[in-house]
Structure formats: C-alpha cells, structure tokens
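My entries follow in the order I made them.

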Amino acid sequence: MSKPEDKKVVDYTTNALTLRDIISLQQSANILQRKGEYTKADEKYLKALEVSCRVSSENPKNSSHNIRIISLRSEIFSGIGDSLFQAGQYNLSLEFYKQQLRTISDTDDDKGKALALYNHGCCSYQVRQYESSIRYHQDSLSILQQRESSNELISLVEDIEIEELKCRNLMFLALNHSD
C-alpha cells in the first residue's frame with residue numbers, strides 16, 4: 001500500500017515531465033516557424049495545446065502548475081496566430097489572437113496581456129479594422145506603462161522585452177497619427 005507522500009511525488013514528477021513536453025513542443029514549433037515551415041509549426045503547436053488541455057483538466061484550477069500551463073497556452077495561441085499571420089491568413093490569425101487574449105485575461109501576466117493586445121492590434125490592422133487596431137495598441141501600451149510605474153522587480157531580459165513592445169506600440173501609433 002502506498003503512502004499519500006508517494007502519490008504526491010508521482011504527481012509532481014508526472015506534472016514536471018508533462019510541462020517539459022509542452023515546452024519542448026512549443027519550442028520546436030517556434031523553430032519551425034522561424035524557418036518558415038508554418039504547417040509543421042502549427043502541428044507542433046496544436047499537439048502542445050492538446051497536452052496542455054489534458055494536463056489542465058487533471059490539476060486543481062489555481063495550482064501554480066496550472067497557472068504556468070495557462071501562460072504556455074496563451075503563448076501557443078500566439079504562436080499559431082503568428083504562423084497564420086506570416087502566411088497571410090489574417091482572419092484566421094485574428095481568431096487565435098482572440099483566444100490568446102481570452103486565455104491570458106484572467107491572469108496577472110501583464111506582459112502576456114500587453115503582447116496579446118499588440119498581436120490583436122497588428123492583425124486587426126491587416127483586416128482593415130483600423131479603429132480597433134489603434135485601441136488595442138493603446139491598451140497594450142497602457143498596460144506596459146502602468147507596469148513601469150509600479151515598483152515591481154523584473155529581470156533585465158523581461159525589462160528589455162517590455163521596452164521593445166512599448167516601442168513597437170509607439171511606432172504603430174505614431175505611424176497612424178493617434179494620440
């Protein structure tokens with residue numbers, strides 16, 4: 001007969017392996033996407049999404065493990081949206097960016113929310129939803145500026161990523177003559 005502690009160790013190990021699998025699939029998809037192999041990338045993203053959904057259903061809703069899975073799922077939706085965007089399938093890409101925004105909206109991941117809004121804004125522009133596009137970029141920039149004014153400690157890498165995203169939003173808004 002096994003002890004409850006043994007089950008916790010098995011659960012932790014299984015969850016760690018599954019999380020590693022999701023990250024591995026996502027990273028493989030990212031590499032394929034950079035190489036322009038969008039169909040193969042999307043296959044990897046969809047497999048990562050499938051594994052993340054299975055793992056989420058097996059874990060308590062607010063566990064730290066599940067919170068990380070939600071963040072990864074948002075990144076996966078973003079990756080699929082990026083592949084479709086690069087392939088010129090803007091309407092379909094927009095659907096995945098909407099899913100990215102829905103997925104990340106209930107978390108504390110401000111950088112993830114800002115990126116989701118930015119992606120949504122870029123894609124909205126491509127489908128000629130100009131006013132929506134400007135609003136998404138403004139909302140993204142607003143989140144980043146609010147985060148900047150807080151005294152939250154962040155890593156240098158994350159700080160650089162946030163500054164880059166702010167610059168991309170500012171450039172878009174400047175090019176579209178928005179206040």
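**Helix pair, then pocket**

I noted that α4 and α5 are roughly antiparallel to each other, because the angle between them is about 160 degrees and anything over 145 counts as roughly antiparallel. This is a predicted model.

I looked up the spans: α4 covers residues 90–104 and α5 covers residues 110–126. Their axes lie 9 Å apart. I recorded the crossing of α4 past α5 as left-handed.

Next I listed the contact. On α4, the residues include Tyr90, Leu94, Tyr97, Leu101 and Ile104. On α5, Leu115, Ala116, Asn119, His120 and Cys123 are among them. By class, I have nine nonpolar, seven polar and two charged residues in the contact of α4 with α5.

I then turned to the largest pocket and noted a volume of about 890 Å³. Its lining has 30 residues. I marked Ser78, Asp82, Leu115, Asn119 and Arg168 as nearest the centre of the largest pocket.

Which helices each supply at least two residues of the lining? I found α1 (4–34), α3 (64–86), α4, α5 and α7 (156–175). The largest share, eight residues, comes from α3.

Conventions:
Residues are numbered from 1 along each chain as its sequence is written. This is a predicted model: local features need pLDDT of at least 70, side-chain atom pairs count only at pLDDT 80 or more; totals for chains, interfaces and linings use all residues. Side-chain values use heavy atoms; hydrogens and water are left out. Axes are lines fitted to C-alpha atoms, for helices over the stretch in contact, and angles run from 0 to 180 degrees between N-to-C directions. Helices (H or I, at least four residues) and strands (E, at least two) are DSSP runs, numbered from the N terminus. Angles under 35 degrees count as roughly parallel, over 145 as roughly antiparallel, 65 to 115 as roughly perpendicular and the rest as oblique. A crossing is left-handed if the near helix is turned anticlockwise from the far one by less than a right angle, and right-handed if clockwise. Contact means heavy atoms within 4.5 Å. Ala, Val, Leu, Ile, Met, Phe, Trp, Tyr, Cys and Pro count as nonpolar, Asp, Glu, Lys and Arg as charged, and the others, Gly among them, as polar. On a 1 Å grid over the protein atoms alone, a cavity is a set of points where a 1.4 Å probe fits but cannot get out, and a pocket is an open set with protein on both sides within 12 Å along at least five of seven lines; lining residues have an atom within 4 Å of a point. Grid points are joined across faces, edges and corners, and a volume is the space filled by probe spheres set on the points.
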